Amino acid sequence: MPRYRIATIPGDGIGVDVTVEAVKVLNAVLPDIAWTEFDWSCEQYLRTGAMMPEDGPRQLADFDAILLGAVGFPGVADHISLWGLLIPLRRAFGQYVNLRPVRLLPGTESALRGRTADDLDILIVRENSEGEYSAIGGTHNPGRPDEFVVQESIFTRTGCERIIRYAFEQARGRDRKLCSATKSNGLIHSMPYWDSIFERIAAEYPEVETRQMHVDALAAEIVLHPDRLDVIVGSNLFGDILSDLAAAVTGGLGLAPSGNINPARDAPSMFEAVHGSAPDIAGRGIADPVAQILAGAMMLAHLGESAAAAAVDRAVCDVLAEGAVRTPDLGGTATTAELGTAIAERAAALVTR
């Protein structure tokens with residue numbers, strides 16, 4: 001009997017390429033995984049008019065976790081691909097935490113001059129189920145000179161409390177520093193409400209040093225003084241933007257993993273690379289699989305397989321530090337499969353020691 005049943009949704013573009021390599025690496029450290037692949041993608045949308053079947057969440061509900069590739073392809077609008085697959089799965093499975101570790105990996109260079117790995121190690125905790133990413137709203141008076149749109153943001157007490165508390169717990173296990181992304185000088189209702197909940201919960205964690213920064217100032221802080229930051233908590237939109245910025249600062253989206261976490265563990269969590277589907281290089285064998293491999297390591301850690309997760313993480317760091325096998329985005333000539341194989345072989349050697 002397999003120890004775990006994992007669903008893969010390779011998606012579009014290089015999502016397919018890098019998911020193959022992530023599965024290769026995970027099989028090297030934990031061979032008793034039963035994988036089931038679902039071909040839900042923009043290609044399926046163009047065939048059927050839907051990104052996934054209507055009962056898609058039900059088909060995935062009994063899996064232990066989901067490994068998702070990148071989604072998006074020319075000819076299918078982004079709001080269709082995301083609201084047809086990724087966002088419905090996050091919400092169906094109570095994945096209200098989007099966890100994005102951002103760090104400078106060995107053998108890679110930051111976009112910031114002179115910064116080292118000690119300066120760039122940030123954990124971004126993004127609210128993943130409400131906030132600015134709401135379907136409430138619409139277009140009014142279409143086609144007329146007075147046409148306008150309304151886009152509502154939803155901030156519930158439960159939603160704010162649980163994500164902020166989760167962030168405090170993460171900070172308590174790290175350097176005990178937590179920064180909240182706000183914009184209460186411009187958003188008159190939602191952000192003061194967010195701030196008030198942050199301040200109330202902060203009183204329960206006196207050992208954690210807290211800051212509240214307007215999101216624009218915080219974006220500048222990531223660039224100018226990343227060493228001052230440890231854990232950042234933000235709303236759905238703010239967390240999304242800041243995590244992409246932080247990933248770019250540390251070497252690029254091709255190195256950044258993420259997890260859509262269900263803390264209650266009553267439904268599967270879903271793990272994915274931060275980067276997009278990059279259709280211009282899909283199938284050419286030059287995509288960097290590191291982010292998807294590290295997303296797989298996050299999945300193993302979530303499942304309680306800490307030794308296997310640590311072996312994958314260490315293998316990625318060792319191979320990148322040695323520099324002999326690198327994809328073109330990292331200044332090398334290796335293919336996607338060659339880098340994946342090098343990491344898999346190193347991980348297998350580490351986990352059996």
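# A guided tour of the predicted model

Select Arg265 first: this residue is exposed, with a relative accessible area of 54%. Here exposed means over 50% relative accessible area, buried under 20%, and partly exposed in between, with a 1.4 Å probe and protein chains only. The model is predicted, so local features need pLDDT of at least 70 and side-chain atom pairs count only at pLDDT 80 or more, while totals for chains, interfaces and linings use all residues. Residues are numbered from 1 along each chain as its sequence is written, and side-chain values use heavy atoms, with hydrogens and water left out.

**Two loops with positive phi**

Arg265 lies in the loop between strand 11 and strand 12. Helices (H or I, at least four residues) and strands (E, at least two) are DSSP runs, numbered from the N terminus. The phi of Arg265 is near 60 degrees, a positive value in a residue other than glycine.

Next select Arg176, in the loop between helix 5 and strand 8. Its phi is also positive, about 60 degrees, although Arg176 is not a glycine. Arg176 counts as partly exposed because its relative accessibility is 41%.

**The annotated domain**

Select residues 5–343, where an unreviewed UniProt entry places the feature "domain: Isopropylmalate dehydrogenase-like". UniProt positions follow the numbering used here, feature names are shortened, and annotations may be inferred rather than shown by experiment. Over this range the chain is 40% helix and 18% strand, and the end C-alpha atoms are 23 Å apart.

Two strands pair if DSSP finds at least two bridges between them.

Now select strand 3 (residues 65–68) and strand 12 (residues 269–273), which pair in the parallel sense over four bridges. Ala65 stands opposite Ser269 in strand 12.

**Strand 11**

Five of its five residues are buried, so strand 11 is largely enclosed by the rest of the structure. Pro257, Gly259 and Ile261 point one way from the strand, and Ser258 and Asn260 point the other way.

Strand 4 pairs with strand 11 in the antiparallel sense over three bridges, and Gly259 is the bridge partner of Leu99. Strand 12 pairs with strand 11 in the antiparallel sense over four bridges, with Ser258 opposite Glu272.

**Gln95**

Move to Gln95, in the loop between helix 4 (78–92) and strand 4. Gln95 counts as buried because its relative accessibility is 0%. Not counting residues up to four places away in sequence, Gln95 touches Leu89, Arg90, Asn128, Asn260, Ile261, Asn262, Pro268, Ser269 and Met270. Contact means heavy atoms within 4.5 Å.

**Helix 5 and the cysteines**

Select helix 5 (residues 157–172), which has 16 residues and reaches 22 Å from its first C-alpha to its last, close to the 22 Å expected at 1.5 Å a residue. The expected span is 1.5 Å times one less than the number of residues. The buried residues of helix 5 are Gly159, Cys160, Glu161, Ile163, Ile164, Tyr166, Ala167, Phe168 and Ala171.

Show the sulfur of Cys160 together with that of Cys179, the closest cysteine sulfur: they are 16 Å apart, too far for a bond. A disulfide is a pair of cysteine sulfur atoms within 2.5 Å, and by this rule the count comes to zero. Cys160 counts as buried at 1% relative accessibility, and Cys42 counts as buried at 1%.

**Leu242**

Finish at Leu242, in helix 8 (residues 236–249). Leu242 is buried, with a relative accessible area of 1%. Leaving aside neighbours within four places in sequence, Leu242 is in contact with Ile124, Ala181, Val215, Leu218, Ala219, Ile222 and Ile232. For a distance, pick the C-alpha atoms of Leu242 and Val150: these residues are 92 apart along the chain, and the atoms are separated by 24 Å.
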